[in-house]
Amino acid sequence: MQDMLKLNNVAKSFTLYNQSGIQIPVFEGLSLSVEKGECVALAGPSGMGKSTLMRMIYGNYLCPAGAIDIRHRDTWVDIASADPRVVLDIRRWTLGYISQFLRVVPRVSALDVVAEPLVGRGMKPDEAREHAAVMLGRLNLPESLWHLAPATFSGGEQQRVNIARGFVARYPVMLLDEPTASLDKANREAVLTLIEEAKSDGVAVVGIFHDAETREAVCTREFLMSDFKKAA
Ligand SMILES: Nc1ncnc2c1ncn2[C@@H]1O[C@H](COP(=O)(O)OP(=O)(O)OP(=O)(O)O)[C@@H](O)[C@H]1O
């Protein structure tokens, strides 16, 4: 199988500049490869750096040591050192990220929030909204909410808008940070089906799933973060 993501000797510490420059070591010497169709669960106790690693892969946190290589447009690109314009192109076409919380934009309807990744790829807005409607329907979001801005939605409703937005366009690599955290059983099942479909399409998935049942249902392998814990 083909590798899609390769982390090589990655390390991370935080420096708290407003608290006497205290250093918080997180992990070091971390290497991980993820192939097409795999779903790797980042596992390990709280505070081991699971969310931090996700944000580094997405390019939100700096990567001070090592490389984060992603297969983008059939060439390997190191996100850790890539030009910001290249990172944006990677996010548009190659790397999707479903965080725990929806970034709510005032006055933009749920339908348009979900359609946006497709519009960003050049699809006509009406056609993109049709795809968005299908995805919101699959995630059981009541049609009465589709034309409202998600700011007033419940936690579970916002999470489903976020998931619909993440799955409406196909990304060859996906990062999922607790995608089922606020969902009931029926909606969790809907999300698991979307993840299974992505895997069947060859998407390489990296996820954090605190719920063991969900993890066992979709993950092909666990990656234990505590093996790379950096000593204080
Ligand atoms: N922006 C930040 N600034 C300073 N320290 C941070 C920052 N983000 C995370 N940390 C620290 O890095 C460590 C790892 O945090 P992280 O949230 O990645 O852990 P986690 O394994 O995802 O935990 P959990 O399972 O509880 O969500 C923690 O000690 C945390 O305090």
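## Packing of α4 against α5

In this predicted model, helix α4 (residues 125–138) and helix α5 (residues 155–168) approach until their axes come within 9 Å, and the crossing angle is roughly 130 degrees. An angle over 145 degrees would count as roughly antiparallel; at roughly 130 degrees, α4 and α5 are therefore oblique to each other. The crossing in which α4 passes α5 is right-handed.

On the α4 side, the contact is made by His131, Ala132, Met135 and Leu136, which meet Ala164, Phe167 and Val168 of α5. By residue type, this contact comprises six nonpolar residues, one polar residue and no charged residue.

## Packing of α3 against α5

Helix α3 spans residues 110–120. The axes of α3 and α5 are 7 Å apart and form an angle of about 25 degrees. Because angles under 35 degrees count as roughly parallel, α3 and α5 are described as roughly parallel to each other. Their crossing is right-handed.

From α3, the residues Ala110, Val113, Val114, Glu116, Pro117 and Leu118 meet Val161, Ala164, Arg165 and Val168 in α5. The contact between these helices holds eight nonpolar residues, no polar residue and two charged residues. Ala164 and Val168 of α5 take part in this contact and also in the contact with α4.

The buried residues of α3 are Ala110, Leu111, Val113, Val114, Ala115, Pro117 and Leu118. They pack against α4 and α5. In soluble globular proteins, nonpolar side chains tend to be buried together.

The largest nonpolar core contains 63 residues, and those that touch the most other members are Ile68, Val114, Ala132, Ala164, Val173 and Val205. Helix α3 gives the most to this core, with six residues. Ala132, one of the residues named for the core, lies in α4. Setting aside residues up to four places away in sequence, Ala132 touches Leu111, Val114, Ala115, Ala164 and Val168.

Beyond its neighbours within four places in sequence, Val119 is in contact with Pro125 and Ala128. Asp227 lies 108 residues from Val119 along the chain, and the C-alpha atoms of the two are separated by 41 Å.

Just after α3, Gly122 adopts a positive phi of about 105 degrees.

Most residues other than glycine have a negative phi, and most peptide bonds are trans. Arg73 has a positive phi near 50 degrees. Arg73 is located in the loop between β4 (65–72) and β5 (75–78). With 10 C-beta neighbours inside 10 Å, Arg73 counts as exposed, since the cut-off for this class is 12 or fewer.

Asn140, likewise not a glycine, has a positive phi of about 60 degrees. Its place is the loop between α4 and α5. Asn140 has 14 other C-beta atoms within 10 Å and is therefore partly exposed.

Technical notes: Residues are numbered from 1 along each chain as its sequence is written. This is a predicted model: local features need pLDDT of at least 70, side-chain atom pairs count only at pLDDT 80 or more; totals for chains, interfaces and linings use all residues. Helices (H or I, at least four residues) and strands (E, at least two) are DSSP runs, numbered from the N terminus. Two residues are in contact if their C-beta atoms, placed from the backbone, lie within 7 Å. Axes are lines fitted to C-alpha atoms, for helices over the stretch in contact, and angles run from 0 to 180 degrees between N-to-C directions. Angles under 35 degrees count as roughly parallel, over 145 as roughly antiparallel, 65 to 115 as roughly perpendicular and the rest as oblique. A crossing is left-handed if the near helix is turned anticlockwise from the far one by less than a right angle, and right-handed if clockwise. Ala, Val, Leu, Ile, Met, Phe, Trp, Tyr, Cys and Pro count as nonpolar, Asp, Glu, Lys and Arg as charged, and the others, Gly among them, as polar. A nonpolar core is a set of buried Ala, Val, Leu, Ile, Met, Phe, Trp, Tyr and Cys residues joined through C-beta atoms within 7 Å. A residue is buried if 20 or more other C-beta atoms lie within 10 Å of its own, exposed if 12 or fewer, and partly exposed in between; C-beta atoms are placed from the backbone.
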